[in-house]
Amino acid sequence: MNIEGLITASVRLGTPLLFATLGEIITERAGVLNLGLEGLMLVGALSGFATSYMTGNVWLAFIVALIAGGLFALIHAFMSITLRVNQVVSGLALTMLGSGISGVLGKAFVGKPAAKFNDIYIPGLSNIPVLGAFFKMDAIVYLGYILVPVLYIIIFKTKLGLTLRAVGEEPSAADSRGINVFLVRYIAKGCGGALTAAGGAYLSLAATSMWIENMSAGRGWIAVALVIFSAWEPFKALVGSYLFGFVMSLQLRLQAMGVAHVSANILLMLPYLITVLTMILFSFNKNFRNRVGAPSALSVPYSREEKM
Amino acid sequence: MKKFVVLGLAVILSVMLLAIVKVGFIYVGPVGDAGWTYAHDVGRRYLEEHVPGVITDYLESIPEGEESYRYIEDYVKKGYKIIFTTSFGYMDQTAKAAEKYPDVQFFHCSGYKYNDKNFTAYFGRMYQARFLTGIVAGMMTKSNIIGYVAAHPIPEVIRGINAFALGVKLVNPEAKVHVVWSHTWYDPATEREAAISLLDAGADVITQHQDSPAPVQAAAERGKYAIGYNSDMSMFAPEAHLTSPVWNWGIFYVEAVKRIMDGTWKPGFYWLGLKDGVVDIAPFGPAVPDKVKETVNKYKELIIKGEFDPFTGPIYDQKGTLRVKDGEKLSDEELLQMSWFVDNVVGEIPQGSGE
């Protein structure tokens with residue numbers, strides 16, 4: 001088997017999940033549950049592709065996708081933070097809205113070719129046998145490598161991260177210490193949305209260079225599960241995303257080599273199975289929930305009046 | 001005097017309105033799927049351009065099964081006289097509507113129910129075009145490994161793979177067709193990865209039963225050859241694209257609607273092929289040498305004249321069992337239920353989808 005090919009395939013399939021998961025980790029760390037990831041990814045995929053098609057500049061396209069995702073997430077922020085509607089329902093609405101809007105606006109871009117991110121071989125590192133494959137990828141993959149430790153440090157080692165977590169754990173306590181809970185949640189929502197949209201943009205700008213309706217194909221939902229799997233921690237998000245990519249690409253490769261297909265079905269089930277088990281444990285066992293570190297105020301809208 | 005003018009205008013206007021035929025299309029996917037539904041919509045627009053007095057409309061992403069009846073009936077009530085439903089799962093509902101509304105002509109794509117009054121079943125013999133593209137792949141490959149990215153293990157897809165593999169075998173008995181199931185219709189990132197896995201396994205020609213051009217792009221990036229599907233995919237890989245088996249639904253739509261308008265249409269079962277122009281192959285890419293073009297055109301002629309059928313025996317399956325005896329050919333019924341691979345296909349049909 002071509003091990004280098006397997007590694008690059010795993011990372012390529014894992015990267016959109018990684019960005020979406022990191023985005024949702026930031027959002028949920030601030031205490032907001034967003035089930036609109038699928039919609040956000042589609043908005044990112046379309047806005048990125050449209051920009052790339054019209055300008056030919058993939059970096060500009062990526063930035064436009066970030067901005068579009070950030071703005072689109074603010075719709076959910078307004079509903080869930082300011083209007084304090086049910087976050088599950090408003091998240092689902094965001095998914096439907098994103099899917100619908102991108103479908104309608106995207107009609108003009110179906111079947112059009114556009115520019116994409118090319119692979120960059122990092123001098124030195126890419127020469128390492130086998131593991132060098134990790135450094136024969138596109139720029140967005142490298143951005144993912146950098147983003148994981150950076151986010152880890154921000155969330156767990158900085159005052160900014162402490163503020164973010166305080167808002168997600170004990171918003172009233174944070175409020176009494178002078179933190180603007182609403183502002184922090186809005187900012188987290190915007191940044192998280194931008195990252196999630198970047199995951200979608202990866203699909204239309206790097207993994208492929210095309211736009212097709214609903215091309216995120218359920219990855220937004222997998223990311224929702226990966227957030228729990230990762231226990232709201234960037235490094236585990238990376239492991240979970242790449243593991244998912246690994247299983248997906250392994251089963252494709254076994255088929256291409258003519259190895260029995262039956263095992264592929266079982267392999268494909270594994271990540272979902274792990275996710276379901278994690279979610280079951282998560283919902284039934286409060287100890288487990290505390291141990292894995294779910295933000296206590298997750299999905300609870302904050303209101304100052306009720307606390308007074 | 002004025003009254004007469006108004007009356008006259010009203011008469012002229014209503015005659016014009018009566019002369020207009022409203023044709024409705026019901027689609028299973030979004031017209032933006034770049035594949036199956038898109039191809040039907042190209043056909044719808046072709047119809048509108050080529051038959052004067054026809055107004056068309058479409059409903060996209062309509063769920064299959066019971067719910068679809070509501071949409072079909074809605075078209076009838078709005079005065080649509082010709083209705084096309086373009087997915088297998090609308091069959092029973094279309095049949096029901098045909099019974100209830102005898103003055104409306106119904107057409108259902110890819111099913112097997114029809115009547116002789118107002119309900120037509122239609123589909124295309126895409127396997128004929130697949131066979132021709134198999135000849136191209138068989139002559140172009142150097143590694144003798146040809147990759148096939150396939151969506152779901154249903155008879156239509158299996159039939160296409162077998163026809164393609166028989167085309168390969170005709171010109172190159174050494175070459176093998178490696179199949180990877182993506183288990184998806186709408187996931188270009190996974191489809192592309194499936195193509196890359198085949199390229200990594202040594203394939204130098206990639207073809208697909210997928211809607212998106214992702215496998216074509218993957219092959220082009222590696223400097224290998226690609227054969228697309230549904231429509232001419234050359235714009236995604238001008239150099240690497242060899243050809244694509246394509247749908248031309250518009251030809252059938254124009255023919256059917258014109259003949260309904262002049263009263264000569266005969267409802268029934270229409271499984272149309274290269275002969276009718278409903279399926280074809282896209283123009284050859286620059287990499288295809290004349291010798292390949294000649295061979296393909298020769299077989300295209302033979303199929304059109306009815307002198308050759310791709311599924312003519314002897315045909316063996318993967319286990320070496322003789323499936324079609326020398327000189328015999330598979331019946332339409334056998335083709336429509338196909339659930340085994342011919343002997344030069346590498347890959348498995350997942351369990352639960354046939355034998």
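Mentor: Happy to! Keep in mind that this is a predicted model. Let's settle on helix α5 of chain A, residues 139–157, and its partner helix α10 of chain A, residues 234–256. Their axes lie 8 Å apart and cross at an angle of about 150°. Since angles over 145 degrees count as roughly antiparallel, α5(A) is roughly antiparallel to α10(A). If you zoom in on the contact, α5(A) brings A:V148, A:L151 and A:Y152, which meet A:P234, A:F235 and A:L238 of α10(A). By class, this contact has 6 nonpolar residues, with no polar and no charged ones.

Between the chains, 33 residues of chain A are in contact with 33 residues of chain B. On the chain A side, at least two residues each come from α1 (3–29), α8 (181–207), α10 and α11 (262–284). Of these, α10(A) gives the most, with 6 residues. The side of chain A that touches chain B has 16 nonpolar, 13 polar and 4 charged residues.

Finally, a look at the partner chain itself. Chain B contains 11 helices and 16 strands, and its C-alpha trace spans about 85 × 40 × 40 Å along the principal axes. Buried residues make up 52% of chain B. Among its contacts with a separation of 6 or more, 63% link residues 24 or more positions apart.

Note on methods: Residues numbered from 1 in each chain as written. Chains lettered and ligands numbered in written order. Predicted model: local features only at pLDDT ≥ 70, side-chain atom pairs only at ≥ 80, totals over all residues. Helix = DSSP H or I, 4+ residues; strand = E, 2+ residues; numbered from the N terminus. Buried ≥ 20, exposed ≤ 12 C-beta atoms within 10 Å, placed from the backbone. Contact = placed C-beta atoms within 7 Å. Axes fitted to C-alpha atoms, helices over the stretch in contact; angles between N-to-C directions. Parallel < 35°, antiparallel > 145°, perpendicular 65-115°, else oblique. Nonpolar A, V, L, I, M, F, W, Y, C, P; charged D, E, K, R; others polar.
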